[in-house]
Amino acid sequence: MPATLSTDDTNFARERDRLFRRAWLAIARVEDVPAPYDFMRFAIPTVGTAGILVRDGDGLLRAFHNKCSHRGVALVCEDRGNATSFRCPYHAWLYDVDGVLRGIPDSGSFQHVVRAENGLKPIACETWNGFVFVNLAQNPVPLLDFLGPFGDLFEPIPFHEYPTGVEMTQTVQGNWKGMIDASGEGYHISSLHRSTLHPQVAVIENPFQDFHDPRYLGLHATATLGRNPEWLPTTPVARFVLETIQQDYLEDLRRMEAKQGIAGAPAINRINLPNFQIEAITLFPNSLIQIIPNGYLWMQYWPTAVGRTETSIRLYGRKAPQTHREIFAAAHIQAQARDVITEDIAMVELQQIGLTSDPEGQQIFGGSEYLLLRFNNLIARFIQADDLSKMLQDL
């Protein structure tokens with residue numbers, strides 16, 4: 001792949017306009033706005049979009065640009081809340097949660113304003129299996145067409161049974177595709193993650209941690225990674241953490257073996273790998289979902305420049321920790337996940353330095369990096385396609 005795909009401003013502009021403005025983008029879980037009139041702010045940093053996600057009185061989720069139609073002021077300032085209407089902080093124009101413009105102070109000065117045409121500007125919004133997606137296109141392809149066979153295959157996964165989440169965010173001085181690529185192969189685990197992830201997944205039969213059972217699902221893909229069944233923690237703190245979570249973890253393993261719970265869903269670990277660790281899902285274009293026996297990670301990468309990416313990593317479990325022991329153990333596990341991701345981030349930033357230094361160079365993909373090559377090719381096809389419906393049918 002040419003280095004310019006990760007270093008050239010013109011290419012980034014194409015990705016912004018032809019990919020992120022036309023693709024369905026996951027922005028929330030339905031649990032983030034569970035009740036009527038709950039709302040939250042969201043952002044799509046890649047294109048500068050500030051939005052409001054709100055559940056109306058009938059329970060329908062709606063998305064709008066966070067913008068008063070009068071003078072363009074951001075309407076909602078709180079991160080989240082519950083409200084039956086939104087009032088602009090500048091001139092007090094009032095909007096219902098369905099976006100209708102209801103009130104204009106000194107309305108006599110605005111007799112030329114047709115209220116029905118000047119409500120909040122909507123953003124296309126649909127849900128799938130509890131994930132909330134938005135699309136900035138005027139006439140987007142239906143979400144289910146965008147998801148394709150992925151949507152049918154993974155619909156039974158009970159994400160809703162794992163509602164407790166914690167989020168970590170960080171700015172990466174590197175190209176967003178590098179972050180996606182870092183989760184698409186196990187080739188780097190034995191070197192980069194030697195002291196963090198490698199001991200837990202390394203087995204003699206698979207020295208370079210090749211993924212198992214890759215499946216191509218339209219724009220999306222999934223593969224399975226195993227674990228080392230002989231691994232045990234070596235430090236007192238790590239042993240304490242394992243002992244604290246062991247009962248719940250063993251319960252989740254039993255649920256998985258009984259084909260229950262999130263890792264027991266039929267689409268997960270299709271080959272019945274005896275030492276299952278991760279089902280690594282690439283949700284095109286910028287989300288990764290990693291299913292683990294006792295929960296899942298949802299990772300999102302939002303490019304804001306050709307060499308800058310805003311990351312969001314969310315770790316979901318079945319229940320929130322209750323005791324001091326459980327709280328400590330949960331924090332330790334989050335720190336472990338953070339350490340692995342930080343190692344990836346460090347390499348993506350070094351990669352950006354190298355690729356920028358030699359813009360006429362290239363990236364070389366090996367046989368175990370098939371998911372990376374496919375992902376980058378799909379980006380090119382999506383950007384080039386004028387008829388997305390036909391492009392999706394041809395996949």
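Tutor: The second largest pocket has a volume of about 550 Å³. On a 1 Å grid over the protein atoms alone, a pocket is an open set of points with protein on both sides within 12 Å along at least five of seven lines, whereas a cavity is a set of points where a 1.4 Å probe fits but cannot get out; lining residues have an atom within 4 Å of a point. Grid points are joined across faces, edges and corners, and a volume is the space filled by probe spheres set on the points.

The model is predicted: local features need pLDDT of at least 70 and side-chain atom pairs count only at pLDDT 80 or more, while totals for chains, interfaces and linings use all residues. Residues are numbered from 1 along each chain as its sequence is written, and side-chain values use heavy atoms, leaving out hydrogens and water.

The lining of this second largest pocket consists of 24 residues, and Ile 27, Met 40, Glu 167, Ser 312 and Arg 314 lie nearest its centre. Two or more lining residues come from each of β1 (25-29), β2 (38-44), β11 (164-172), β16 (295-305) and β17 (308-317). Helices (H or I, at least four residues) and strands (E, at least two) are DSSP runs, numbered from the N terminus. With 5 residues, β17 provides the largest share of the lining. By class, the pocket lining divides into 10 nonpolar, 5 polar and 9 charged residues. Here Ala, Val, Leu, Ile, Met, Phe, Trp, Tyr, Cys and Pro count as nonpolar, Asp, Glu, Lys and Arg as charged, and the others, Gly among them, as polar.

A search of the whole structure finds 5 cavities of 30 Å³ or more. The largest cavity has a volume of about 110 Å³, and its lining includes Ile 180, Asp 181, His 220 and Phe 375. Two or more of the lining residues come from each of α5 (176-182), β13 (220-226) and α10 (370-384). The greatest contribution is that of α10, with 5 residues. The classes in this lining are 7 nonpolar, 3 polar and 2 charged.

The second largest cavity has a volume of about 60 Å³. Among the residues that line this second cavity are Phe 211, Ile 281, Leu 288 and Gln 290. Here β14 (276-283) and β15 (287-292) are the elements that give two or more residues. The lining of the second largest cavity holds 6 nonpolar and 4 polar residues, and no charged ones.

The loop between β14 and β15 contains Pro 285. The peptide bond from Phe 284 to Pro 285 is cis, with omega near 5°. Another loop, between β6 (85-87) and β7 (94-96), holds Ala 92. Phi of Ala 92 is near 70°, a positive value in a residue other than glycine. Most residues other than glycine have a negative phi, and most peptide bonds are trans.

The rings of Phe 20 and Trp 176 have their centres 5.2 Å apart and their planes at 75°, so the pair is edge-to-face. Rings of Phe, Tyr and Trp (its six-membered ring) pair if their centres lie within 6.5 Å; planes under 30 degrees apart count as stacked, over 60 as edge-to-face and the rest as tilted.
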